[in-house]
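Subject: Structure handover

Hello,

Here is the structure we talked about. Please open it alongside this message; my notes follow below.

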Amino acid sequence: MATTTVLTTESPDRWKYLNNILTRRGPYSDETFEPGDEPKAFLADLKIFGAGGLGCEILKNLALSGFKDIHVIDMDTIDISNLNRQFLFREADVGKSKAEVAAAFVMKRVRGVKITPFNCAIQDKDDEYYKQFKIVVCGLDSVEARRWINATLVNLVGEETLIPLIDGGTEGFKGQARVILPTISCCYECTLDMLTPRAAVPLCTLASIPRQPAHCIEWASVIQWPKEKGDLKIDMDDPEHVTWLYTKALGRAKEFNIPGVTYAMTQGVIKNIIPAIASTNAIVAASCCSEALKIATTASPYLDNYMMYTGDESVYTYTFQHEKKDDCPVCGNLPQALTVDPESTLEELMEKLQERPETTLKKPSLRTSAKSLYLQAPKQLEEQTRPNLEKQLKELMEEGDELSISDPGMPFNLRFIISFSS
Ligand SMILES: [Zn+2]
């Protein structure tokens with residue numbers, strides 16, 4: 001009779017390789033590293049936090065690295081499209097909380113690990129909550145959430161608190177892993193200018209001679225939609241809207257002999273979606289969790305401080321030390337310099353700020369040390385300051401003034417010293 005091996009039972013070999021690392025010294029082990037059972041016990045006691053789109057990989061890796069007290073936050077529910085790569089989820093789980101299902105699955109398979117799931121946004125938890133962790137590992141999928149957790153951990157730095165942030169991210173075949181020691185090494189905010197601004201196709205290309213299928217789709221959404229539908233907003237989740245855009249784009253593509261416009265591509269272009277690739281996620285999450293293990297045990301030196309990986313043109317990785325910025329609004333102490341045209345209006349300045357990755361905020365309020373220039377809330381103050389939007393900057397500020405920008409989504413202010421151009 002055929003027997004099947006049930007993998008839920010703990011194999012004695014499961015911890016063999018981890019034991020090899022933790023019970024003997026390696027050539028690169030830290031001087032303070034004491035091989036033996038102590039690092040294992042330390043791992044078991046260490047509270048660690050994980051979150052985000054790399055969740056399945058991170059959770060599985062942390063549990064199999066010997067961490068036993070893990071918290072996980074994810075605000076998403078399981079969608080059928082997740083099943084091809086998020087391997088802790090099954091068809092019957094569609095619609096349930098990602099954090100809860102993943103936690104239950106890993107606890108079932110890895111004996112002795114305790115995972116506490118939360119189905120919420122990372123921003124829903126306060127400083128007291130984050131203070132309890134020794135390490136934070138994040139595989140978040142938004143810049144905003146990354147900026148938030150980074151600023152939160154930098155603000156928490158005190159005499160006895162310094163929580164390393166290990167941040168992983170992927171975009172298609174590309175990814176990165178990094179170790180951030182708040183206030184000691186460069187933080188997430190220090191490197192925001194590495195993000196490429198969203199490549200804008202000139203309107204004239206869209207309107208006159210499209211060259212790529214994406215141009216036809218942009219034409220349909222940017223030019224044709226407002227022309228034919230007026231003020232109606234495009235709802236990217238409404239299949240009727242997407243079908244309309246797809247049909248228009250396809251017609252235009254035929255006219256210019258451009259092949260390749262599909263429904264899925266239409267969704268991708270208007271939603272700006274880059275597909276998630278299972279192997280990239282696995283590589284980046286593995287790197288993040290190795291760093292957590294190294295920091296927790298000192299068995300080997302940790303990453304200092306940035307590893308990039310690209311898999312789209314052959315396979316390439318590179319590690320370098322990103323430098324801390326003195327004028328970083330989160331971990332630095334100097335305001336940044338900002339040159340503005342004194343003749344331009346406050347509204348134009350706000351539009352300009354939206355184009356820079358480091359100043360892209362959702363609802364920015366602007367102040368100088370002397371007065372409020374524009375406040376988003378409360379309503380009366382918004383109404384009071386709204387006329388300033390039309391005013392020229394030279395009426396509102398002087399050279400050398402400090403401009404401060406705040407946003408409800410960010411636990412810090414951006415500070416700029418103003419100088420006027422020409
Ligand atoms: Zn910084």
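Which domains does the domain assignment of the protein give? There are three entries: domain 1 (16-195 + 276-320), domain 2 (203-271) and domain 3 (336-420). Keep in mind that this is a predicted model. The C-alpha centres of domain 1 and domain 2 are 38 Å apart.

Helix pair α9 and α10

Begin with helix α9 (residues 239-255) and helix α10 (residues 263-271). Their axes lie 9 Å apart, and the packing angle is about 110°. That angle is why α9 counts as roughly perpendicular to α10; the class covers 65 to 115 degrees. On the α9 side, the contact is made by V242, L245, Y246 and A249. On the α10 side, Y263, T266, Q267 and I270 take part. By type, the residues of this contact are six nonpolar and two polar, with no charged ones.

The loop between α9 and α10 holds N257. N257 is not a glycine, yet its phi is positive, at about 55°. Is N257 buried or exposed? N257 counts as exposed, because it has 6 C-beta neighbours inside 10 Å, and the cut-off for exposed is 12 or fewer.

Around T205

T205 sits in helix α7 (residues 203-207). T205 counts as partly exposed, with 14 C-beta neighbours inside 10 Å. Beyond its neighbours within four places in sequence, T205 contacts P210 and H215. W219 is 14 residues from T205 along the chain, and their C-alpha atoms are separated by 9.0 Å.

How do strands β9 and β13 run, parallel or antiparallel? Strand β9 (residues 336-340) and strand β13 (residues 414-420) run parallel, joined by five bridges. Q336 has F416 as its bridge partner in β13.

Strand β12 (residues 402-406) also pairs with β13. Here the sense is antiparallel, over four bridges. S404 has R415 as its bridge partner in β13. When you look at side chains here, recall that in a regular strand they alternate between the two faces of the sheet.

Around Q86

Q86 is in the loop between β2 (69-73) and α4 (98-109). Q86 is buried, because 23 other C-beta atoms lie within 10 Å; the threshold is 20 or more. Along the chain, Q86 and A102 are 16 residues apart, and 9.3 Å separates their C-alpha atoms.

Backbone points to check

Where are the cis peptide bonds that I noted? One runs from D304 to N305, with omega near -5°. N305 is in the loop between α11 (278-297) and β7 (306-310). Another cis bond runs from A377 to P378, with omega near -5°. P378 lies in the loop between β11 (372-374) and α13 (379-385).

The loop between α11 and β7 also holds T298. Phi of T298 is positive, near 55°, in a residue other than glycine. T298 is partly exposed, with 16 other C-beta atoms within 10 Å.

Over to you.

Best wishes

Note on methods
Residues are numbered from 1 along each chain as its sequence is written. This is a predicted model: local features need pLDDT of at least 70, side-chain atom pairs count only at pLDDT 80 or more; totals for chains, interfaces and linings use all residues. Helices (H or I, at least four residues) and strands (E, at least two) are DSSP runs, numbered from the N terminus. Axes are lines fitted to C-alpha atoms, for helices over the stretch in contact, and angles run from 0 to 180 degrees between N-to-C directions. Angles under 35 degrees count as roughly parallel, over 145 as roughly antiparallel, 65 to 115 as roughly perpendicular and the rest as oblique. Two residues are in contact if their C-beta atoms, placed from the backbone, lie within 7 Å. Ala, Val, Leu, Ile, Met, Phe, Trp, Tyr, Cys and Pro count as nonpolar, Asp, Glu, Lys and Arg as charged, and the others, Gly among them, as polar. Two strands pair if DSSP finds at least two bridges between them. Domain bounds come from an automatic or database domain assignment.
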